[in-house]
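Here's a quick tour of one protein model. Take a look at the sequence and the 3D view, then we'll walk through a few spots together.

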Amino acid sequence: MSGLVIKSTGSSYLVRTPDGAVHECRIKGTFRLKGIKSTNPVAVGDWVEFKTSQDGMPAYITSIGERRNYIVRRSSNLSKQSHILACNLDQCLLLVTVSHPETSTVFIDRFLASAWAYRIPVTLVINKQDLLTENDLETARAWTDIYSRIGYSCIMCDSLHGTGFEQIESLLKDKVTLLSGNSGVGKSTFVNRLVPDLQQRTAAVSEKHDTGMHTTTFSEMFELPGGGWIIDSPGVKGFGTFDMEVHEVSHYFPEIFETQSRCRYQDCTHTCEPGCAVLEAVESGSISPSRYNSYLSILEDMDEGKYRKL
């Protein structure tokens, strides 16, 4: 039998067949030995083949269909393994907040770079619009300016009251969309707004630390009333890039990639070389300093051996 993985708990999977039936499935230990260097060899969004059991036990997944794309991050700072957030996506929504909690631009840029590597479009959604102070609004406008100038769509919304959701629902229609973001940015409230019958559990942000609480512990795919699917994923505190070569990092920052053709040296790293067009663009403001600092942070991780070579 074949079906779509709609939920992953790490040890078991829910697989939905074309007739709408849902089967609990597992994988055998030997499945992990087939060259898949991931903490989760099967991910939400995968199309799989599975065999049902005759004794009432869960079915076993026997093979995974070819993936057209996926979003992957390093499972931990020193890990040799990746963690696949979701597969076979049409797009991603990256839910961010200016405050309560604050999403760092480094986190945003690392996610965008990883999605760009697999040619997955990302829309930046600035949530909790109702909580924005005047200073926060200035920051939100600055983010919108920075990211829209390099080709990313930006939407401001308020998940609690529904502001901005007509545009979001139109964007999601008939597409498979991954929803990602830090803990506390309001992903569960966002999903509840889109699919009211779900009533996903939500939690308040810690006032002491201004950080989010994990309310989603497993990735799960939900069918949208207006057509399409949204994948809710657990909140992440950091985003370790995976499987990037040093010379490729600039390719995943579109404004740096576009500018580097004017550098004096073909192998320019855009860090200290004379005649570097990227450094000149940062100095002039045509490349955002925050974006450039995010680019450097990925290079520094590699230089320090923070991520071990596979």
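Which residue stands opposite Asp 232 in E13? Glu 220 does. Keep in mind as you read on that this is a predicted model.

Let's start with strand E13, which covers residues 229–232. One side of this strand carries Trp 229 and Ile 231, while Ile 230 and Asp 232 sit on the other. Are these four residues buried or exposed? They're all buried, so both faces of E13 are covered. Buried here means under 20% relative accessible area.

## The strands alongside

E13 pairs with strand E11, made up of residues 176–180. The pairing is parallel and uses 4 bridges. To find a spot where these strands face each other, look for Val 176, which stands opposite Trp 229.

E13 also pairs with strand E12 (residues 219–223), and here the strands run antiparallel. Again, 4 bridges do the joining. Glu 220, from our opening question, stands opposite Asp 232. E12 and E13 form a hairpin with 5 residues between the strands. In that hairpin, check out Gly 227: its phi is positive, near 105°.

## A hidden space

What lines the largest cavity? Its lining is made of Ile 146, Arg 149, Ile 150, Glu 255, Ser 286, Ile 287, Ser 288 and Arg 291. Sorted by type, the lining has 3 nonpolar, 2 polar and 3 charged residues.

How values were computed:
Residues are numbered from 1 along each chain as its sequence is written. This is a predicted model: local features need pLDDT of at least 70, side-chain atom pairs count only at pLDDT 80 or more; totals for chains, interfaces and linings use all residues. Side-chain values use heavy atoms; hydrogens and water are left out. Buried means under 20% relative accessible area, exposed over 50%, partly exposed in between (1.4 Å probe, protein chains only). Helices (H or I, at least four residues) and strands (E, at least two) are DSSP runs, numbered from the N terminus. Two strands pair if DSSP finds at least two bridges between them. On a 1 Å grid over the protein atoms alone, a cavity is a set of points where a 1.4 Å probe fits but cannot get out, and a pocket is an open set with protein on both sides within 12 Å along at least five of seven lines; lining residues have an atom within 4 Å of a point. Ala, Val, Leu, Ile, Met, Phe, Trp, Tyr, Cys and Pro count as nonpolar, Asp, Glu, Lys and Arg as charged, and the others, Gly among them, as polar.
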